[in-house]
Structures are given as C-alpha cells and as structure tokens.
Amino acid sequence: MKRLINSTPSRGGRWLLGLLPFVLLGMLYLSLSNARLAENPNDPLLPTPAKMAQSFHHLATAENARTGEILLWSDTLASLERIVIGVGISALIGLIVGILNGGLPLVRAKLSPLVTVASLIPPMALLPILFIAFGTGEAAKIALIVIGVTPFLIRDLQGHALRLPDEQLIKAQTLGASSWQVLLRVLLPQLTPRLLNATRLAMGTAWLFLIAAEAIAAQEGLGYRIFLVRRYLSMDVILPYVAWITLLAFLLDQLLAWVSRLAFPWYHASEGDNA
Amino acid sequence: MSLLAAKRLEKHYGNHVVLENLNFSVESGEFVTLVGASGCGKTTFLKMLLGTEATSRGRLTLDDHPIPNEPGPDRGVVFQKYSVFPHLTVLGNVMMADELRSSKLLGKSFGAARRRGIEKARERIEEVGLDQALDKYPHELSGGMQQRLAIAQALMMRPRILLLDEPFGALDPGIRQDMHVLINRLWQEQQLTIFMITHDLKEAFELGTRLWVFDKTRHDPQAPEAYGATITYDLPISRDRPSEALKETLQQGGLQTHTQETLL
Ligand SMILES: Nc1ncnc2c1ncn2[C@@H]1O[C@H](COP(=O)(O)OP(=O)(O)OP(=O)(O)O)[C@@H](O)[C@H]1O
Ligand SMILES: [Mg+2]
C-alpha cells in the first residue's frame, strides 16, 4: 500500500474526482429548489434551471427596444473593458515600479515605505474620493481597480526581484552590463512571467473592486445588472449572471496562464508548476 | 608592477574572522589554484577579487590601485551555482556579452551584428561540447552541462582575470579532461590570469602554475570564529615536476593541518 502522499489519481479519475463536488452541489440545489417550489410555485428565491436558462437566453438575445443593444453583451463588454484596462494599467505600473524598487537600492529606499503604506489603505474607502475627483464615469471605476491591485503587484514583484540570486546580477556585470542593461536583460525578462502569475492571483481582487464600483455607480456592467435586479428578487437573473462572471474570470485566468506558458517555457519548467 | 597584490588583507563578518593576514602578489599570466577545507573562505576570497565583498582590513590592489568595489568586465567569473541565466537558451547565454557590448541601449543585437555574434558564440559552444544543445534552456541541461555553459559564457568577454569557483566539480572524468585542455588552451591564447578553486588536488597540480592552500594557523577551541584562514602554503608548480613529488614536499613541510588530512 502506497503512502497517501504518493497516491495520485489516474487521468480519467482526476476528472471524475474534480467533477464530483459540482454534481453534489447541483443535486443539493435541485432538491432545495424543488422543495421550495412545491410549497409555492411562484417563489423567486431558488428558481428552476429551466427558468434561469430562459431568463439568461432572453438577456443574451433580446434587443433593447430603445437602444437596440443586447443587455448581456453590452454588460459584458463594459465590464471586461474596465477590468482589462484597470488590470493592464496596474500590471504596467507594478512591473516598472517593482523592477526599479527591486533592482535599484536608491529607488527602493525612497519608494518602498510609500508602497507599503499605500498598500494598507483600504481602496474602498477611497471610492468616494474617486467619485468626487473623477466623477461617476469610467475613470473612477478603473482607478479603483488600479488602486486596489497595483500595490500588491509592486510588492510581489519587488520581492521576486530581491530574491533573484546575486550571482546573476554579478554575472551580468562581469559581462559588461550597465545598470540599465541589467534591468532590461536580467530583471525584466525574469520578472515578466512572475508578473503574469501575480496578475492571475490579483484578478479576484480586481473583480471584487469592479463589481463594487459598478454596484454603486454605473449605467451598465455585470455588477450593475445584478445589483439592479436585486430589487425585484430576480434570482433567475442573478444566478446565471454570477455563473457567467465566474466563467469569464475562469477564461481570463486560463488566458493568462496560457500566454505565460507559451512565452516563458523556462519559467514554468523551473518552477515545476503546470497550473 | 604586479597585477594583483594584497597586504595584511582581512575579511570579517561581524565577529567572525573568515580570512586574515593574506599577503601575496600575483603577476599577469599566472594560474593560481586554491585549495582548502570547506567553509574556510575560498569563495569569500574570490568575491573580494570580484569586488562584491568589501575588504575589512588591509590592502588589496589591482594594478597598484585599490580593487574596484563593483564587478566589471575585466574580471570574469564562473560561480559554484546560479552562474547562467535561466531565461536564456544556451546560445542566448553565450551571446549575452556580445549583445551587451554591441547595443548599449537595448542590450540586444539584430541583423548582421547578430549573425556575427551567433557565429562567434557557436564556435565557443562547440569547444565546450554543447553544440547539440544550442536552443535548450539551462533547466534542460545537466549540472555539468550548465557549468560548461557558464565557462563558455564567461570566456566570451576576454577578461584579464578569470575567477573559477569549483568549475569542474560536477563533471565526469572524461569531460573534465576535455575542460582542462580547453581552459589550458584559452589561458595561453588569451593570456588570462586565472584563479581557480578546486577540491581536487590532482587538478590543482595539473592546471596551476601556483598552488595556494588556505587554512587556519591558529585555533581557539573556545571561540572557533576568532581566527581566520590564511594562505598557509604558496607553492610554485612547474609542469615538469610531477605532482607526487610536490605532495611529498607538502608533507615534509610538517604542517599537519586539517586541509592536508582531508586533501592528501
Ligand atoms: N554573507 C555572509 N555572512 C556571514 N558569514 C558568511 C557570509 N558568507 C560566507 N560566510 C562565512 O564565511 C565562511 C567562508 O565561506 P566560503 O563560502 O568562502 O567558504 P568556501 O571556502 O568557499 O567553502 P566551500 O568549499 O564549501 O565552497 C563560512 O564559514 C561562512 O559561514
Ligand atoms: Mg565556496
């Protein structure tokens, strides 16, 4: 008998084991939903899958009479645009400041305390300020994501930069590299895959801030929609929307993972991860 | 005027005296091999020559000037580990020196300059026997192959001084022999001055023109960190004198030190 830590499931078994919790949860929902609907067929809290599919289909196909837009797609587009721009700006700032902080002690001495303090400010507490400063348009929502995500990325990258073996920086210098060339040819390429990894971890936070900002002030967006229909207890819209957001988050995550594996094979092999 | 010279050189880490009372002068073109027990400060000494560890006391001069306190292209190095860039292929690693020189802004060469660089790098890669692995990343190479890559990379620079920290430790005897031939040839061709740390006394005799034995001359059992190691033996090696005879000389010196017990 193998030790438990050495027992790995077979390929097919892995799928089955992974699927099992989903099936169990689904069955639990169905039984609860059935029980409620048996008591009151118009109960809105735990709608049947058929009802949800119908509502979702309606949202995904029906054009708005006034604007000609299809709600699901305009919501999705608006939200994706905000999160991609927000996270993109954060990643760029994180990479630049992280590399400078990690690579140049003089910069680190100046910026590091600021970053540490900034990362402790609860971004949601800044939201009113952002609304006052940027109005309730796109800028405020994107700014919230940037403020919420950037300090984490900077600190993560700075840590990785400091953990690169000194030998490599010394080696580059003995090969004639200037400070700029060390940053560009040693730190930048080695930190970029780590940035992608950190960005994947930060996506959850980014979604949190996106939906919070949309819930408070927006005219469209996935977060806006679920908070809007909450007033009518429309669980048949909210639940599919949550599932849809989860799917989008999953796809974005996989996209980042895929890009990282494709562009930085050496990183994934040496980290021993295949996530 | 000697290339490198030290006078009463010391290195401490806090209260821990690692090296003390180092006095030497090394001429251009010498091949110094360093042996000594593990942890006695050989790597530390190399780092002082590199300029990454400051001297604690005494003088260490290069061309009669205090040694620069940062690494530079005049002093190449092959470390015990982490000596190659994990994000570059074999070719990329070896081309690095050339690319850094040809493009100050991007550190990357293109077009004709790049083709010339590839040509030069390939020759060197062939010499260390890695031509089958041009496009492999370091993690796909064995420890010995990584070490050979590091040597090829360091030698693209044509440094004046080459510092080698147990460069052949992970190699099998056959390849080790090839590497000895290669190092020997490059040392003569490029008129390098080489410092090489090794745990293999036979290798030290075979390659070097001068052997240094690092060891402690004083020892306080109550405070093992109070005294540091120094160069207890500074022996010229000539090619026509067999290493066996030298070992005898060493033993006749009568210093029954830890180093000799472990090495001989
Ligand atoms: N950064 C440091 N801070 C404190 N002590 C250090 C530091 N680096 C090295 N030492 C100490 O200096 C001593 C010499 O270390 P060094 O790495 O030079 O040994 P070495 O002769 O190269 O050994 P080996 O043959 O095992 O590589 C060791 O006792 C080590 O604990
Ligand atoms: Mg060492």
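View 1. Of the 264 residues in chain B, 52% are buried, where buried stands for a relative accessible area under 20%, exposed for over 50% and partly exposed for values in between (1.4 Å probe, protein chains only). This is a predicted model, in which local features need pLDDT of at least 70 and side-chain atom pairs count only at pLDDT 80 or more, whereas totals for chains, interfaces and linings use all residues. Residues are numbered from 1 along each chain as its sequence is written, chains are lettered from A and ligands numbered from 1 in the order in which they are written, and side-chain values use heavy atoms, with hydrogens and water left out. Chain B holds eight helices and 10 strands, taken as DSSP runs numbered from the N terminus (helices: H or I, at least four residues; strands: E, at least two). Its radius of gyration is 19 Å, close to the 18 Å that the globule rule gives for 264 residues, so chain B is as compact as a globular protein of that length; the radius is taken over C-alpha atoms, and the rule is 2.2 Å times the number of residues to the power 0.38.

**View 2. The magnesium ion (ligand 2) and its protein donors in chain B.** B:Thr43, through OG1, and B:Gln80, through OE1, coordinate the ion at 1.9 to 2.8 Å; donors are N, O and S atoms within 2.8 Å of the metal (3.2 Å for Na, K and Ca), and since water is not among the atoms, sites may look incomplete. B:Thr43 belongs to helix H1 (residues 42–50) and B:Gln80 to the loop between strand E6 (75–78) and helix H2 (90–102) of chain B, so the pair ties together parts that are 37 residues apart in sequence. Both residues are partly exposed, B:Thr43 at 25% relative accessibility and B:Gln80 at 41%.

**View 3. Helix H7 of chain A against elements of both chains.** Helix H7 (residues 166–174) of chain A has as its buried residues A:Glu167, A:Gln168, A:Ile170, A:Lys171, A:Ala172 and A:Thr174. These buried residues pack against helix H8 (179–216) of chain A, together with H1, E6, H2 and helix H4 (143–155) of chain B, a contact being heavy atoms within 4.5 Å. After H7 of chain A comes A:Gly176, with a positive phi near 95 degrees.

View 4. A:Thr199 is buried, at 5% relative accessibility. Leaving aside residues up to four places away in sequence, A:Thr199 touches A:Val87, A:Ala91, A:Leu153 and A:Leu256.

**View 5. Positive phi at B:Asp63 and B:Gln191.** Most residues other than glycine have a negative phi. B:Asp63, although not a glycine, has a positive phi of about 55 degrees; B:Asp63 sits in the loop between strand E4 (57–62) and strand E5 (65–66) of chain B and is partly exposed, at 22% relative accessibility. B:Gln191, likewise not a glycine, has a positive phi of about 50 degrees; B:Gln191 is placed in the loop between helix H5 (173–189) and strand E8 (193–197) of chain B and is exposed, with a relative accessible area of 62%.
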